[in-house]
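Have the chain open while you read.

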Amino acid sequence: MKYYDKNTGMYLADSNEDLLSDVFVSFDEIKNALSGYILSASGWRAVFAESKEDEDWRGEVGGADRVLAAAAAAAFFSYLGKSHPTILLGSDARPTGRMLTAISARIFIALGAEVEYLGVSAAPEIMAYSRNSGCSGFYYISASHNPVGHNGFKFGFDGGVLPGAEAEKAKSIFLSSIDEGLAGRMKELSASVSPEDFAKVLFHHRSVKNSALRYYSEFVLRTAHADDGFTVPFGVVIDFNGSARSASIDVPFLRKHGAEVWTVNGVPGQIAHAIVPEGANLETARKTLDAIHRKNPCFMLGYMPDNDGDRGNFVYISRSGKAKALNAQEVFALVSSIELAHALMMHPGKRVAIAVNGPTSLIIDDIASRLGVDVFRSDIGEANVVTLAESVRAEGYIVPLCGEGSNGGNITYPAKVRDPMNSVMTIAKLWSIPGLFDFLMKALGKKGKGQVSIDSILSAFPRYYMTPAFSPDAVMRVKSKDWDALKAEYERMLSSEVEANKAKGSVSYEIRQYEGSHEEIGGGAEHRPFPSTGGLKVQFIGEDGSPVAYLWLSRSRTEPVCRVMVDVKDADMEEHDRLLAWQRSMVERADRALS
């Protein structure tokens, strides 16, 4: 029997259909498919479209990937270490999600799990609901901001993905299961599930989904330290771009709290343009806000999420009356400054801090210095900044939020995942909390004059320019497989070239190396924490002891690329371009030396 999502009308699954029954693949085919997987703490990802094309919109998944999807589900079940765990299962709105979810559900059922199926759901939604005491963990099918033909698996418990060490355990279980008998075992497991047992999970989908939506709505309020009477005093435009957020709480939640809402591309799965909420992809939201604001001036803010709905970047109405797009670093700086100022108001005399990743712009350090707040840094990866924030709280600090400014999106405590709804609530605080805007403006060295304005805050920020994380200039493909050796060769070149190429206004530099939630200052192998898979930053110091620029180098955990970025004070584009050209040259030459 076929089942449909009664909230969205989307086809879920056929309880009589076993998607492994007609799969006949060799072990070599499985190994070849596995070679294209990226397994990281941020999730396991690959191109799951049967054609292996990045932008394939069709929902078919090839046989080898079906087997590996089943093995991934079995590995998570084994990791949980319970005979009858309760597993929340959901997906973003990609076309391959339906098949991958159905395969995963059957494997979980066969192994003895109680499966609570949310269908299409936003990542912050399923993660928030996993805080429910009756849940053992969540298993979410998504490739986040990657192209539409990609997909993957993100899992964890208690509101967040597995931290690094735990993610490695799950990865080890998965890889150890890949052998000659894998396809047979997975097919046997899937075939053991009766249509009645699968139908039971599908039938209860709507009640599970509605419970998750209620819990998530309450959690967003709790995260904002708000009650049911909290008001969002402006209109909001949302370009859903067919994402999972279009099947989540956004529209009813915002309307309940006083906001007028205008949506575009609001049907789950109907992806109208590229998924990453950056640059040109924000134009639909910006143009729509521009047009709607002219008709109804209450509309002041807009956002676009990625496909799983954890990242979201913003557009706003500037003083000129025109809509402007904010880049990821600007969004993070805006939200961080508001939350940090609010924490200082609520906890006078307490130590306040923020945890960010290595390549988050130095604008955060500058803002934090003005507010009297400490900054702690981890390697890239959501789990790393969340783990770091927790350890800093254990030292007695108030840490109201953490995040990866280089990728956009704040993680507001107690949430453990980025969420544009939390960002909307933070921005609304400027109007709803008396004195907050003036407090923040004074800390930034400006007069607030009581007139709340996003433009006023942005213009009070110090000026920095950082390479956009998703620009072509930030991405490099390298041949070397030895990341530690590449960093060592890069450091050797740096030491001989830095004096002639150092950042304008700097008198010294230091190397900062990252692994997980740990930051180590110093160059050389002795300062690279094992297993040396993390990022490396060259930070240039000015005469007053504060940083004026940095170079960043890291290997992506979710894509087969290396990322290079530069951040410079005073938004000096000529200096940025010079440093970036030098950075790319060192990486290219280091790679050639090892090839």
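Let's start with two helices. Helix 1 (residues 27–34) packs against helix 2 (residues 63–80) at an angle of about 75°, and their axes are 9 Å apart. The two are therefore roughly perpendicular to each other (65 to 115 degrees counts as roughly perpendicular). On the helix 1 side, Glu29, Ile30, Ala33 and Leu34 make the contact, and on the helix 2 side it's Ala64, Asp65, Val67 and Leu68; contact means heavy atoms within 4.5 Å. Sorted by type, the residues of this contact are six nonpolar, no polar and two charged. Helices here are DSSP runs of H or I with at least four residues, strands are runs of E with at least two, and both are numbered from the N terminus.

A word on where this comes from: the model is predicted, so local features need pLDDT of at least 70 and side-chain atom pairs pLDDT 80 or more, while totals for chains, interfaces and linings use all residues. Residues are numbered from 1 along each chain as its sequence is written, and side-chain values use heavy atoms, with hydrogens and water left out.

Helix 2 also holds Arg66. Is Arg66 buried or exposed? At 9% relative accessibility, Arg66 counts as buried (buried is under 20% relative accessible area, exposed over 50%, partly exposed in between, with a 1.4 Å probe and protein chains only). Leaving aside neighbours within four places in sequence, its contacts include Leu19, Asp22, Glu60 and Met99.

Now the rings. There are 17 aromatic pairs in the structure, where rings of Phe, Tyr and Trp (its six-membered ring) pair if their centres lie within 6.5 Å, and planes under 30 degrees apart are stacked, over 60 edge-to-face and the rest tilted. Two of the pairs are set out here:

| Pair | Centre to centre | Between planes | Type |
|---|---|---|---|
| Phe48 and Phe153 | 5.6 Å | 80° | edge-to-face |
| Phe76 and Tyr139 | 5.6 Å | 35° | tilted |

The charged end of Arg351 sits over the ring of Tyr397, 4.2 Å from its centre (the cut-offs are NZ of Lys or CZ of Arg within 6 Å of the ring centre and within 35 degrees of the ring normal). Lys2 lies over the face of Tyr11, at 5.6 Å from the ring centre.

Most residues other than glycine have a negative phi, and most peptide bonds are trans. The bond from Tyr413 to Pro414 is cis, with omega near 10°, and so is the one joining Phe530 and Pro531, at about 5°. His225 has a positive phi near 55°, in the loop between helix 8 (205–223) and strand 10 (235–239). Asp570 has a positive phi near 70°. His225 counts as exposed at 56% relative accessibility, and Asp570 as exposed at 52%.

Methods
Axes are lines fitted to C-alpha atoms, for helices over the stretch in contact, and angles run from 0 to 180 degrees between N-to-C directions. Angles under 35 degrees count as roughly parallel, over 145 as roughly antiparallel, 65 to 115 as roughly perpendicular and the rest as oblique. Ala, Val, Leu, Ile, Met, Phe, Trp, Tyr, Cys and Pro count as nonpolar, Asp, Glu, Lys and Arg as charged, and the others, Gly among them, as polar.
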